[in-house]
Amino acid sequence: MSAVDLDQIRSEVKDGAPCLWTAFEGLAKTWLEPALERLNKRRSHASYPKTFNDPVWGVIELMPWETILLDSPLLQRLRGVRQLGMAHFVYPGASHDRLEHTRGVVEAAERMICALERNAKFRRRFGSDRDKNVPEVDRMDRCATRLAALLHDIGHGPFSHVTEDLIKINYEEEFTKAKKILRDHFEGVMSIAASEVIAVIIVLSLPMFDVLTHREFGTGVDKPADLPTAIAARILGSRSCLKAGYLSGIISGPVDADKLDYIARDCHHSGLSFGIDLTRLISKLEVVVITPDNAPNPELKKRAHAAEIGRFYDIGISQTGLGSYEQLVITRVLLFDRLYHQKVRTAEAMVRCLINLAEKECGAPFTIKKFFSGFSDDIFLGLVGGIFEVDEFDGGKDQSRAVVKMLQDRQIYYRAFAFAARYIAGMNGLSDQEQQDTRARLWIKLLKKLSTLKGCAEIAEKIFKSKKTWSINP
């Protein structure tokens with residue numbers, strides 16, 4: 001178990017991303033104040049675990065300390081953030097929120113932990129290759145993993161990924177530095193989303209530390225002061241701060257609780273039934289023993305050599321569970337293709353356009369405090385467009401109101417252009433193979449440009465300013 005210095009990370013993130021740290025530590029203080037007040041007034045173990053009826057998992061159970069966080073503004077604000085952004089414009093039932101998803105991820109994580117615990121027990125007792133060194137899941141491992149499941153989405157603002165991209169653009173340099181710092185301190189971390197950076201900053205903040213280490217929080221772990229870094233490690237999918245290393249990918253990994261819940265939940269609410277067998281897939285999870293002899297690549301071989309006992313343990317799926325896993329992968333691809341409908345993308349583009357217009361009409365970019373003001377998606381839309389007015393929130397004016405009115409009436413823009421490699425012209429005189437290779441190179445260049453909001457805006461402006469007259473067939 002690799003240790004992580006909380007004070008060192010805080011110091012480095014404060015220096016490298018001062019605006020992000022100051023803004024989100026301040027928000028964490030506001031959001032967690034009711035939780036601290038509740039802790040100051042309650043007795044130890046004063047309440048029982050709380051149950052919820054869920055359309056995907058049936059009955060979900062949250063521990064008393066998890067309920068304290070759930071009932072705070074930190075998580076309750078997710079009640080107004082739709083899981084699928086603007087997808088309800090195409091699939092009316094897809095209006096579920098991130099709070100519902102969050103509870104589901106906790107349940108999925110718990111079931112995955114139980115499945116791996118069971119398999120680890122079998123590994124220690126049975127088979128010709130039984131291994132008594134397979135670590136058990138201790139209280140810290142389970143508590144940190146469940147809390148990470150509960151907190152993994154707290155970095156999302158209104159419309160989820162729509163505003164996440166805009167915030168990332170405004171603070172791109174700070175996000176880049178923060179990601180590097182987190183990768184340096186947490187072992188095995190690869191890509192980090194902007195929302196995960198925000199979530200980790202909140203988890204590592206002083207207000208969250210005060211809650212997690214409060215004498216009445218009641219987790220029962222031996223060292224509550226280690227909870228922030230352990231939770232952050234789970235959100236990032238790191239191997240740090242973990243006794244049972246095979247739990248590292250439960251919240252962020254190839255097969256994680258987040259994917260299991262959102263794929264099943266999005267299918268359920270959108271009415272797209274692809275028949276995923278979650279029960280069987282989870283039951284087929286197992287602890288995989290990696291040694292220098294069986295490591296499939298040099299990186300894993302190096303890790304096995306570096307381990308104290310010459311081996312390490314990771315999460316895997318048995319051969320009999322590969323069918324269920326393939327079903328999950330195929331469903332994810334189909335779901336993305338069906339849900340990310342052109343009208344959904346257009347509506348999300350209109351929301352981004354609205355925010356950009358409002359910023360121009362206000363004369364300044366929106367602050368983090370505005371994006372995380374705690375209003376639901378619909379109210380935030382009205383505030384940005386100047387339809388509603390509240391203190392300390394200056395919205396747009398005439399142009400913004402026009403876009404809001406179009407969104408409210410579902411008058412969505414039409415798709416004017418479709419991009420594909422086969423549409424690239426100017427290849428006359430080249431052989432078929434040369435045309436194919438040239439188009440492939442140009443297409444990759446275009447895709448790289450279109451992968452960022454800035455690149456999309458530049459291409460859109462070029463199209464708009466083109467001297468050529470475009471005709472649109474009805």
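The radius of gyration is taken over C-alpha atoms, and the globule rule is 2.2 Å times the number of residues to the power 0.38. The model is predicted: local features need pLDDT of at least 70, side-chain atom pairs count only at pLDDT 80 or more, and totals for chains use all residues. Residues are numbered from 1 along each chain as its sequence is written, and side-chain values use heavy atoms, without hydrogens and water.

**Exercise 1.** Compare the radius of gyration of the protein chain with that of a compact globule.

*Solution.* 
- The chain has 474 residues, so the rule gives a radius near 23 Å.
- The protein chain has 24 Å, which agrees.
- Its C-alpha atoms fill a box of roughly 75 × 65 × 45 Å along the principal axes.

**Exercise 2.** Is Glu-66 buried or exposed, and which residues does Glu-66 touch?

*Solution.* 
- Locate Glu-66: helix α3, residues 64–70. Helices are DSSP runs (H or I, at least four residues), numbered from the N terminus.
- Check accessibility. Buried means under 20% relative accessible area, exposed over 50%, partly exposed in between (1.4 Å probe, protein chains only).
- Glu-66 has 1%, so Glu-66 is buried.
- List contacts (heavy atoms within 4.5 Å). Not counting residues up to four places away in sequence, Glu-66 touches Arg-146, Leu-147 and Leu-150.

**Exercise 3.** What share of the protein chain's residues counts as buried?

*Solution.* 
- Of the 474 residues, 50% count as buried.

Terms used
Helices (H or I, at least four residues) and strands (E, at least two) are DSSP runs, numbered from the N terminus.
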